[in-house]
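Good morning, and thank you for making time for this.

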Amino acid sequence: MNPNRQRIAELAQSYEGDIVQFLRDLIAIPAESCQEGPVVARIRQEMEKVGFDEIRVDPMGNILGRIGSGKTVIMMDSHTDTVGIGDPKEWAWDPYKGKVEDGYVYGRGSCDQRAGMASLVYAGKIIRQLALTGDYTLWVVGSVQEEDCDGLCWLYILKEDGIRPDCVVITEPSRLNIYRGHRGRMEIEVHLRGKSCHASAPERGDNPIYKMSRLVEEVERLNTRLKDDGFLGKGTIAVTEIRSLSPSLCAVPGACSVHLDRRLTAGETKEGAVEEVRALAGAENAEVEILTYDTPSYTGLRYPTEKYYPTWVLEESHLLAQAAIATFRGLWDREPVVDKWTFSTNGVGSMGLMGVPSIGFGPGEEDVAHSVIERVPIRHLVEAAQFYAAFPQVFTALAKKGNG
């Protein structure tokens with residue numbers, strides 16, 4: 001049992017109004033990928049208010065707030081961008097007002113992923129106020145461009161910012177469960193060439209849309225036979241866009257392309273996924289490519305990367321997982337649910353590409369992310385702040401014991 005848990009719980013509860021208001025302020029700032037500047041500025045303001053030791057914004061635009069200066073380095077991540085709102089008529093309320101009703105805060109970004117940041121900043125205040133310090137350094141990270149290119153910000157932080165953490169805690173919505181991995185993903189495009197001609201005499205050309213339609217059926221069949229994993233689930237592939245190139249709507253196009261969303265389960269590889277597509281009937285003469293992300297951040301910085309985001313799984317026996325479980329037990333005297341995300345997170349960068357042990361614990365429900373009913377329970381905000389405040393001491397103690 002955590003001897004500080006009552007004090008942590010009482011203090012977190014006393015900050016409920018502040019956490020909710022901070023979250024509503026964040027929701028009120030539209031910030032899709034590459035437009036996060038204003039929301040980063042608002043986060044800086046709150047970090048200054050609660051008393052972080054150091055606050056800096058790196059050249060990519062990620063905000064990093066530090067508490068402590070001890071040996072063990074812990075980083076906790078909440079991305080600052082959101083997806084768009086789609087058709088405003090689908091929303092029953094203003095997605096940028098942060099409506100509070102029946103114990104929830106509603107709005108775009110409420111759970112994905114502004115809730116994590118609201119709880120993190122106030123966890124920092126709890127750590128400060130209750131002197132829950134130790135031989136650790138905590139960095140609270142507000143990362144950018146996750147919705148466009150998950151993991152890219154962590155490649156930059158770990159390669160360019162000069163910080164090498166012992167662990168990363170990802171605060172994406174997990175229903176306050178402990179998540180220790182998820183499937184990877186990659187973005188593939190397939191291009192077929194044809195022969196353009198006037199559409200009044202289509203027999204003069206070679207229509208690549210017809211050829212692509214047959215290939216799309218093969219992609220659908222491929223999805224049924226992809227590898228399954230007992231923990232992460234099945235690999236998937238889906239066609240998410242079809243485009244053609246034609247000089248006119250009165251002409252047979254000369255080229256057709258499809259965009260494929262490929263989710264990779266344990267044991268599947270980037271190379272294998274590409275070969276599976278190349279082996280499909282109708283793809284013999286196709287060009288198959290993994291896309292590259294090269295969009296500048298809101299600061300103007302470009303950091304090109306291949307759109308391949310590896311699968312990652314932290315073993316439940318790992319010290320980090322055990323620290324998260326011990327933190328949960330110590331706060332609430334019950335066993336946590338230990339599971340995985342369905343969607344992808346920045347863990348593809350921190351652990352998948354860079355090998356830093358990573359784990360997830362976040363307020364909110366994954367299944368309402370990106371939806372017009374996006375919301376987060378206020379109770380989750382308070383309890384997540386408790387977890388983030390208690391975790392550093394637990395992890396540091398276990399790490400010291402493990403090294404001792």
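Let me begin with a definition: helices (H or I, at least four residues) and strands (E, at least two) are DSSP runs, numbered from the N terminus. What we have here is a predicted model, in which local features need pLDDT of at least 70, side-chain atom pairs count only at pLDDT 80 or more, and totals for chains, interfaces and linings use all residues. Residues are numbered from 1 along each chain as its sequence is written, and side-chain values use heavy atoms, with hydrogens and water left out.

First, the pocket. On a 1 Å grid over the protein atoms alone, a pocket is an open set of points where a 1.4 Å probe fits, with protein on both sides within 12 Å along at least five of seven lines; lining residues have an atom within 4 Å of a point. Grid points are joined across faces, edges and corners, and the volume is the space filled by probe spheres set on the points. The largest pocket has a volume of about 410 Å³. It is lined by 19 residues, and those closest to its centre are Glu-147, Arg-185, Arg-263, Ser-344 and His-370. Two or more lining residues come from each of strand E10 (184-193) and strand E14 (255-264), and E14 gives the largest share, three residues. What is the make-up of this lining by class? There are three nonpolar, five polar and eleven charged residues, where Asp, Glu, Lys and Arg count as charged, Ala, Val, Leu, Ile, Met, Phe, Trp, Tyr, Cys and Pro as nonpolar, and the others, Gly among them, as polar.

Next, the salt bridges. The criterion is a side-chain nitrogen of Lys or Arg within 4 Å of a carboxyl oxygen of Asp or Glu, and the count comes to 30. One of them pairs Glu-54 with Arg-66 at 2.8 Å, N to O. This pair links distant parts of the chain, with Glu-54 in strand E1 (residues 54-57) and Arg-66 in strand E2 (residues 63-67), twelve residues apart. For burial, I use relative accessible area with a 1.4 Å probe and protein chains only: buried is under 20%, exposed over 50%, partly exposed in between. Glu-54, at 26%, is therefore partly exposed, whereas Arg-66, at 18%, counts as buried. Glu-268 and Arg-262 also form a salt bridge, at 2.9 Å, N to O. Here Glu-268 is buried at 12%, and Arg-262 is buried at 1%. Shared partners also join Asp-25, Arg-42, Glu-46 and Lys-49 into one network.

Now the helix. H2 (residues 16-27) has twelve residues and should span 16 Å at 1.5 Å a residue, which agrees with the 16 Å between its end C-alpha atoms; the expected span is 1.5 Å times one less than the number of residues. Its buried residues are Ile-19, Val-20, Phe-22, Leu-23, Leu-26 and Ile-27. They lie on the same side of H2 because they cover an arc of only 165° around the axis, taken from the directions from the helix axis to the C-beta atoms.

Finally, the backbone. Most residues other than glycine have a negative phi, and most peptide bonds are trans. Asp-112 and Gln-113, however, are joined by a cis peptide bond, with omega about 25°, and Gln-113 is found in helix H4 (residues 110-130). Cys-34 has a positive phi, near 75°, and is buried at 17%. Leu-176 has a positive phi near 60° and is buried at 5%.
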